[in-house]
Amino acid sequence: MFPDFSRRLPVVDPDNRELYISLGCALENLIIAAENMGYSTDVQYFPQDEPEDCIRINLKSSSSALHINQHLFKAISTRQSTRSEYDSNPVPGADLKQLENVKTSRNISIQLFTDNNKIKTLTEFVTEGNLKQYDDEKFLNELINWIRFNDAEAIKTMDGLPSRCSGNPSVPRWLGKLFLSLTVSGKSQAQIDQKRIKTSSGLALFISEKDDKQAWIETGRAFERFSLMATTLNIKNAHHNQPIEVSDLRNHLTEHLSLGSMKPQLLIRFGYAKPLPYSLRRPVNEIVTS
Ligand SMILES: Cc1cc2nc3c(=O)[nH]c(=O)nc-3n(C[C@H](O)[C@H](O)[C@H](O)COP(=O)(O)O)c2cc1C
């Protein structure tokens, strides 16, 4: 697997940290699919004989691997980022345990927050992140470039953030852009996010020991598994990474949570909601070459 730098986000993700996290998500899906089909996997990060950054997955037939992750495998096609408000119901303790104990590399840990006061403090970090990000015109332009305001745009590119997947209507691009420029600000986005977090059952913070490419990929693997496990439990999730994307805030968050040398990587909310329309998937032959 190789990173696709044509899809990097230089403003919000200048170090490609989230790009490598995404690669980890895809890698975890691939491993789960391979195991489900009866292969054991051995992953090599950045093998020396490859000129570019590469992840090599060696597959070996293994009858003991067959179907071991069938529940996670089935969730690959039903998992989604659900960006709507949730229904405020709490996740039962047994299910929280399953989420907390999702198998990750030794370098990654997951902290769950279900206490209202702690969630409130983390929400303040998200608010501050929104205020800082939306104050930057380059951030807004990058975001607008990736929004697919209507179905025709979404189908043409098969990527980005289709409006419908955020619970918004399909509109012509000029209207969507006009609406965004007139209505969206750090303050309005913060209010939307406050409500979305308030109606969620909790937040999950993914933390790594290191802050390098391998740690980012391993974070993606842990997050994907978490998200698939959540899906098997009918729990939805969505990203609120602003406090990690804004570097000052990331430092404050690290101090606030006494993480020492550990690094926060992803902040996710989880809870119960109806599914939203699914984002599109590019055809396999567009992304697999032989
Ligand atoms: C590292 C990472 C960061 C993300 N950050 C955001 C985010 O800030 N806001 C958001 O709405 N979605 C975010 N997403 C979700 C992606 O937009 C989403 O996974 C993608 O559009 C595919 O949709 P799906 O998850 O519903 O399949 C992020 C995903 C990853 C892997």
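Guide: Happy to! Let's start with Asp49, which counts as exposed at 56% relative accessibility (exposed is over 50% relative accessible area, buried under 20%, and partly exposed in between, with a 1.4 Å probe and protein chains only). This is a predicted model, where local features need pLDDT of at least 70 and side-chain atom pairs pLDDT 80 or more, while totals for chains, interfaces and linings use all residues. Residues are numbered from 1 along each chain as its sequence is written, and side-chain values use heavy atoms, leaving out hydrogens and water.

The side chain of Asp49 forms a salt bridge with Arg56, 3.2 Å from N to O (a side-chain nitrogen of Lys or Arg within 4 Å of a carboxyl oxygen of Asp or Glu). Arg56 is partly exposed, at 23%. The whole structure holds 13 salt bridges.

Another one joins Glu28 and Arg221, at 2.6 Å from N to O. Here the partners are 193 residues apart, with Glu28 in helix H1 (residues 17-36) and Arg221 in helix H9 (residues 213-232); helices (H or I, at least four residues) and strands (E, at least two) are DSSP runs numbered from the N terminus. Glu28 is buried at 2%, whereas Arg221 is partly exposed at 21%.

Arg173 and Glu153 also meet in a salt bridge, 3.0 Å from N to O. Since Arg173 belongs to helix H7 (residues 173-183) and Glu153 to helix H6 (residues 151-157), this pair ties together parts 20 residues apart in sequence. Arg173 is partly exposed at 25%, and Glu153 is buried at 16%. Shared partners also join the salt bridges of Asp4, Arg7, Arg148 and Asp159 into one network.

Now the rings: there are 6 aromatic pairs (ring centres of Phe, Tyr or Trp, its six-membered ring, within 6.5 Å; planes under 30 degrees apart are stacked, over 60 edge-to-face, the rest tilted). Phe206 and Phe223 have centres 5.9 Å apart and planes at 85°, so they are edge-to-face. Phe206 lies in strand E6 (residues 202-208) and Phe223 in helix H9, so the pair links parts 17 residues apart. Phe206 is buried at 0%, and Phe223 is buried at 4%. Phe206 also meets Phe226 edge-to-face, with centres 5.3 Å apart and planes at 85°. Phe206, Phe223, Phe226 and Phe270 form one aromatic cluster.

Finally, charge meets ring: the charged end of Arg269 sits over Tyr86, 4.3 Å from the ring centre (NZ of Lys or CZ of Arg within 6 Å of the centre and within 35 degrees of the ring normal).
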